[in-house]
Amino acid sequence: QVQLVESGGGLVQTGGSLRLSCAASGSIFSINSMGWYRQAPGKQRELVAVISSVGSTNYVDSVKGRFTISRDNAKNTVYLQMNSLKPEDTAVYYCKMEVFTNDVAYNAWGQGTQVTVSS
């Protein structure tokens, strides 16, 4: 079983920064894509950023130029550096990894971490 543990959320003022981390552990053979999603109250979960196994990235338009996704393959960890935060960035942030074990491939999710941006 693979587990994803997130950290780094919290309360920050408008214009501030936070760095989220998500580390995978367990019987991992390899990890393909890694991504961050978020879900605000009353809204659907949306993709924020994704990074491929070779480091190519994509972002939702609303965070381009402010957020940066990166990964450390040796640590099975993905990061999300969030700068110039806005109140509309307030949400629960979830990481997702496409994990390959010896037997199966599946999408593993973190438990979520709250990010609150005050105006």
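Two strands count as paired if DSSP finds at least two bridges between them; strands are DSSP runs of E with at least two residues, numbered from the N terminus. The model is predicted: local features need pLDDT of at least 70, side-chain atom pairs count only at pLDDT 80 or more, and totals for chains, interfaces and linings use all residues. Residues are numbered from 1 along each chain as its sequence is written, and side-chain values use heavy atoms, with hydrogens and water left out.

**Exercise 1.** Find how many bridges join strand 4 to strand 5, and describe the turn between them.

Solution. 
- Step 1: Strand 4 covers residues 30-39 and strand 5 covers residues 46-51; five bridges join them, and they run antiparallel.

**Exercise 2.** Follow strand 5 to strand 6 and state which residue takes a positive phi in their hairpin.

Solution. 
- Step 1: Strand 6 consists of residues 57-59, and three bridges join it to strand 5 in an antiparallel arrangement.
- Step 2: Val50 has Asn58 of strand 6 opposite.
- Step 3: Five residues lie between the strands of this hairpin, and Gly55 takes a positive phi near 95 degrees.

**Exercise 3.** Determine which residues touch the most other members of the largest nonpolar core.

Solution. 
- Step 1: A nonpolar core is a set of buried Ala, Val, Leu, Ile, Met, Phe, Trp, Tyr and Cys residues joined through side-chain atoms within 4.5 Å. Buried means under 20% relative accessible area (1.4 Å probe, protein chains only).
- Step 2: The core has 28 residues, and Trp36, Val78, Leu80, Met82, Tyr93 and Met97 touch the most other members.
- Step 3: Strand 9 gives the largest share of this core, five residues.
- Step 4: Tyr93 has contacts (heavy atoms within 4.5 Å) with residues including Trp36, Leu80 and Met82, not counting residues up to four places away in sequence.

Notes:
Helix = DSSP H or I, 4+ residues; strand = E, 2+ residues; numbered from the N terminus. Buried < 20%, exposed > 50% of the residue type's maximum accessible area, 1.4 Å probe, protein only.
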